[in-house]
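I set out to record what I looked up in this structure, entry by entry. The entries follow the order in which I consulted the model.

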Amino acid sequence: MSVWVIRAGASGENEDWNLATGRAGVGFPEVGDLTDCATRDDIRALVDAAYPAAPKGRKANFTGQLWALRNTIHNGDLIIMPLKRSGQLVLGTCTSGYNYDADEPDKERRHHIKVDWSQEHISRAVLKDDLVNTLNSALTLFSPSRNHAEQRLRAIKDTGGDPGTAGITAPPPTPTSPAASAGEPVADAEILDPVPGPTVEALRDRIRSHIVENFTGHKLTDLVAEILTTRGYVCEVSPPGPDGGVDILAGTGPLGLDSPTVVVEVKSEPTAIGAPVVRGLQGAISTHQADQGLLVAWGGVSRQAQREFTHQRTRIRIWTAEDILDQLFDVYEQLSDELKNKLPLQRTWILEED
């Protein structure tokens, strides 16, 4: 069995469709049905015809990805779909190999495999740095194997936590085609542990890792409090230790007593938070007669907690690690010099290529 990352469009436009239909695809609308392609040369001919002006290296890369989808991904393989819009990952199991849906109106969705997607989405904050880096290629489809990727991702799918390399006893797999042992041709090297690129996700991952290393435990509460302060709130931060479900009491006005008043609970754990925490925040809102509640869940929330949250949408908001990054980027220039020294960022522009 192997693990494959398959992205859902340059902007994540196929994420919801993939989850709803139990599929994962790769686009390439200019290339027709691959069902009758028995060799890589067959696919190479279709790619050459579809992209005659493309550089040779790019056509080889396209051929490798399409060959993997057509011939190398098998039932039982672990499929990872990064969610661009939420920054999370969805893990699933391949249940049927290559298929071509000629009746699908959207040509971007015709090449696909069938996947049984997990109901729980995984925050990228759950993954340790080395595993995150292994997944940071800009390719639409590739197979990561470095750093015991398959064993660790399967553990994350089963338990919600990354055991790290210390939790894996088997030797790391050799980064070759998963089909090689079956006597099939080795796939193009570009899709096997490709070199991570300077993608937006990779840059966010580096900042996220810095926060994990330097704002552990109660320090994350201080970071959230400073973000809220720049938003016009007066914050009262509870000291470290048991807090009764309240890490920050925030309000507007000169004394912080004016509406809206907010009760904030900060959870720095890398794993998803369950429904009891949401219920506890509901109780804290009532106890403190606050107008609103904010749950900061660095590792995200479970599906059950998300359902609980839908009944409190007018009173409670949830910030995951991705939301904290967005908030941080939005107010960074207004933060204190002390915090900037602990979290030095520089605004820049990069070219986000396909």
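**Entry 1: Lys56 and conventions**

I began with Lys56, which is placed in helix α3; helices (H or I, at least four residues) and strands (E, at least two) are DSSP runs, numbered from the N terminus. I found Lys56 exposed, with a relative accessible area of 75%. For this term, buried means under 20% relative accessible area, exposed over 50%, and partly exposed in between (1.4 Å probe, protein chains only). I then looked up the C-alpha to C-alpha distance from Lys56 to Val263: the two are 58 Å apart in space and 207 residues apart in sequence.

I note that this is a predicted model, in which local features need pLDDT of at least 70 and side-chain atom pairs count only at pLDDT 80 or more, while totals for chains, interfaces and linings use all residues. Residues are numbered from 1 along each chain as its sequence is written, and side-chain values use heavy atoms, with hydrogens and water left out.

**Entry 2: α2 against α3**

Helix α2 (residues 40-50) packs on helix α3 (residues 56-72) at an angle of about 130°, and their axes are 9 Å apart. Axes here are lines fitted to C-alpha atoms, for helices over the stretch in contact, and angles run from 0 to 180 degrees between N-to-C directions. The angle makes α2 oblique to α3; angles under 35 degrees count as roughly parallel, over 145 as roughly antiparallel, 65 to 115 as roughly perpendicular and the rest as oblique.

I recorded the crossing of α2 and α3 as right-handed. A crossing is left-handed if the near helix is turned anticlockwise from the far one by less than a right angle, and right-handed if clockwise.

Which residues of α2 and α3 meet? From α2 I listed Arg40, Ile43, Arg44, Val47 and Asp48, and from α3 Lys59, Phe62, Thr63, Leu66, Trp67 and Arg70. By class, the residues of this contact are five nonpolar, one polar and five charged. Ala, Val, Leu, Ile, Met, Phe, Trp, Tyr, Cys and Pro count as nonpolar, Asp, Glu, Lys and Arg as charged, and the others, Gly among them, as polar.

**Entry 3: α7 against α10**

I then turned to helix α7 (residues 218-230) and helix α10 (residues 321-331), which pack at an angle of about 50° with their axes 10 Å apart. These helices are therefore oblique to each other, and α7 passes α10 in a left-handed crossing. I found Leu220, Leu223, Ile227 and Thr230 of α7 meeting Ile324, Gln327, Leu328 and Val331 of α10. The contact of α7 with α10 has six nonpolar, two polar and no charged residues.

**Entry 4: Nonpolar cores**

I looked up the nonpolar cores, each a set of buried Ala, Val, Leu, Ile, Met, Phe, Trp, Tyr and Cys residues joined through side-chain atoms within 4.5 Å. The largest has 49 residues, and Ile73, Ile79, Ile113, Leu127 and Leu153 touch the most other members. Strand β4 (residues 88-100) gives the most to this core, with six residues. A second, separate core of 29 residues includes Tyr233, Val296, Trp319 and Leu335.

Leaving aside neighbours within four places in sequence, I found Ile73 in contact (heavy atoms within 4.5 Å) with residues including Trp4, Ile6, Ala68, Cys94 and Leu141.

I checked Ile191, which lies in the loop between α5 (149-159) and α6 (200-214). Is Ile191 buried or exposed? Ile191 is buried, with a relative accessible area of 0%. Beyond its neighbours within four places in sequence, Ile191 is in contact with Trp4, Gly64, Gln65, Ala68, Leu139, Leu141, Phe142 and Ser143.

I also looked up Glu15, placed in helix α1 (residues 15-21). Glu15 counts as buried at 4% relative accessibility. With neighbours within four places in sequence left aside, the contacts of Glu15 are Ala8, Met81, Pro82, Leu83, Lys84 and Arg85.

**Entry 5: Backbone geometry**

The peptide bond from Ser259 to Pro260 is cis, with omega near 0°, and Pro260 is found in strand β10 (residues 258-267).

Phe28 has phi near 50°, a positive value in a residue other than glycine. Phe28 is in the loop between β2 (23-25) and α2, and counts as buried at 8% relative accessibility. Gln289, not a glycine, has a positive phi of about 50°. I placed Gln289 in the loop between α8 (275-287) and β11 (292-297), where Gln289 is exposed, with a relative accessible area of 69%.
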